[in-house]
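Please walk me through this structure feature by feature. I would like the general idea behind each reading, and then the case at hand.

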Amino acid sequence: MLEEDQNIETRLIPILEQVSDPEIPVLSIMDMGVVRSAIIENGIVQVQITPTYSGCPAMDVIGEDIKKALKEANYESNIELILAPAWTTDWITPRGRKALEDYGIAAPLDAEADKAVLLKGKRMVKCTNCSSQNTKLISQFGSTACKAQFKCEDCLEPFDYFKCFK
Amino acid sequence: MKQNLYKYILGIADNSLILGQRMGALTGHGPSLETDIACTNISLDLFGQVRNYYQYAAKLKGDNTTEDDIAFLRKEREYFNVLLVEQPDTNFAYTIARQFLFDSYHFLFLTELQKSYDITLSAIAKKSIKEVSYHKRFSSDWIKRLGDGTEISHENIQEAINELWTYTDELFHQTEEDKIMVKENIGVDVTRLKEVYYDAVNGILKEATLDIPESKWFQKGGKHGIHTEHLGYILSDLQYMQRTYPNMEW
Ligand SMILES: [Zn+2]
């Protein structure tokens, strides 16, 4: 997360890292890149979060979870939802990408490759089970709008692919 | 209140609300699990976008108006969506044709709205266009699959395109509010999108081995609140809970 717009006070980082994404519990919201700023003003933490997708139903829960985690660390907080700059999969950290893969969700490819696999049927997404690239697109939408459904033709594992979003 | 801006926002948002309601109603009724999931995911994206627009509109309106008041408590004539998005799901071909004809427009529209001088509208456009580019891929892909598929799928999608074609011209119609918003560099001059739109749409139809409809007569009215008979039924579903149990929450 090298995004220059991000502004998070160092001492708040370990607290925020404990909050996980309700839809992908292995992933912290920090690794997902949805926390854009967290600064302490007059003893109150002002947090700005941004949704991954406009219709992300997890945002209310994420807001509440952040409030709760900060409260346990004796901080009061205000949560604000911001839309700009718009979230991109580039904000998922390397640690986040690894957590996704370990969980069974293939991490997003770059924009070019993403188009090739989703539109041209190119086999480039690595199977999360056996690492084979002999994988086939089943559906452009998976269990949530941010994912597509793939199937490995070597080990036959069906799995989700996190689509590139930028 | 900025009345023109308020109405302009509703004009954009109502398209997403009504199309989202149409697609959401397919939950559990899609022809296959994958298309079912796709339609409902598209619906969810559209509802997410609608919330952003209505929250902004509610702020402009003041008087403790909420996004829900705007979504649920207007009368039929106070919705300004285009007629295209309220057309029924006669069969899967109609669902795909409607989505394709709207997505192709939606993508061009949002591309321009990103440049709006209104920072909230520009931010919503920048966010939404990423989602809409996936919708457009999905519906264009299906147009080709059905068009270039079996004899029956070809016939059905051709019929759906022919039937819905009459609603495409309205996408490029401007109301008085639209014109004022364009002048203030807030709104998009949709008249300038028309040529690119038909070029893009015709290109995909050709690829799908489909004929481009020749219809010269076009329906309009939605942008002025005059709707086809379908909207009333959609709204009675959409508004049922808030009308029956005012202010209910869950
Ligand atoms: Zn495999």
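This is a predicted model: local features need pLDDT of at least 70, side-chain atom pairs count only at pLDDT 80 or more; totals for chains, interfaces and linings use all residues.

Q: Are C127(A) and C152(A) buried or exposed?
A: Both C127(A) and C152(A) are buried.

Q: Now the sheet that holds β7(A). What is the strand order of this open sheet?
A: Read the order across the sheet, then the pairing sense. The order is β5-β8-β7-β6 in chain A, four strands with mixed pairing. β5 (105–106) and β6 of chain A are the edge strands; each has a single partner, so one side of each lacks a neighbour in the sheet.

Q: How do β5(A) and β8(A) run, parallel or antiparallel?
A: β5(A) and strand β8 (residues 158–162) of chain A run parallel, joined by two bridges. I105(A) stands opposite D160(A). A106(A) has Y161(A) as its bridge partner.

Q: How many bridges join β7(A) to β8(A)?
A: Five bridges join them, and the two strands run antiparallel.

Q: How many of the residues of β8(A) are buried?
A: Four of the five are buried, so β8(A) is largely enclosed by the rest of the structure.

Q: Which strands does α5(A) lie across?
A: α5(A) lies across β6, β7 and β8 of chain A. Its direction is at about 65 degrees to β7(A).

Q: There is also an open sheet with β1(A). What is its strand order?
A: The order is β1-β2-β3-β4 in chain A, again four strands with mixed pairing. β1 (7–8) and β4 of chain A are at the edges with a single partner strand each, so one side of each is left without a neighbour in the sheet.

Q: In which sense do β2(A) and β3(A) pair?
A: Strand β2 (residues 35–41) and strand β3 (residues 44–49) of chain A pair in the antiparallel sense over six bridges. I40(A) stands opposite V45(A) in β3(A). In general, side chains in a regular strand alternate between the two faces of the sheet.

Q: Which strands does α3(A) lie across?
A: α3(A) lies across β3 and β4 of chain A. It runs at about 160 degrees to β4(A).

Q: Turn to chain B. What does its secondary structure come to?
A: Chain B has ten helices and zero strands. Its radius of gyration is 18 Å, close to the 18 Å that the globule rule gives for 250 residues, so chain B is as compact as a globular protein of that length. The C-alpha trace spans about 55 × 40 × 30 Å along its principal axes.

Q: What share of the residues of chain B count as buried?
A: Of the 250 residues, 55% count as buried. Among contacts between residues at least 6 apart in sequence, 79% join residues at least 24 apart.

Q: Last, the backbone. Where is a peptide bond cis?
A: Most peptide bonds are trans. The bond from A84(A) to P85(A) is cis, with omega near -10 degrees. P85(A) is in the loop between β4 (76–81) and α4 (94–103) of chain A.

Q: Which residues other than glycine have a positive phi?
A: Most residues other than glycine have a negative phi. N74(A) is one of the exceptions, with phi near 65 degrees. N74(A) lies in the loop between α3 (59–72) and β4 of chain A. N74(A) is exposed, with a relative accessible area of 71%. N247(B) also has a positive phi, of about 70 degrees. N247(B) is placed in the segment after α10 (230–244) of chain B, and is exposed with a relative accessible area of 64%.

Definitions and conventions
Residues are numbered from 1 along each chain as its sequence is written. Chains are lettered from A and ligands numbered from 1 in the order in which they are written. Side-chain values use heavy atoms; hydrogens and water are left out. Buried means under 20% relative accessible area, exposed over 50%, partly exposed in between (1.4 Å probe, protein chains only). Two strands pair if DSSP finds at least two bridges between them. Contact means heavy atoms within 4.5 Å. Axes are lines fitted to C-alpha atoms, for helices over the stretch in contact, and angles run from 0 to 180 degrees between N-to-C directions. The radius of gyration is taken over C-alpha atoms; the globule rule is 2.2 Å times the number of residues to the power 0.38.
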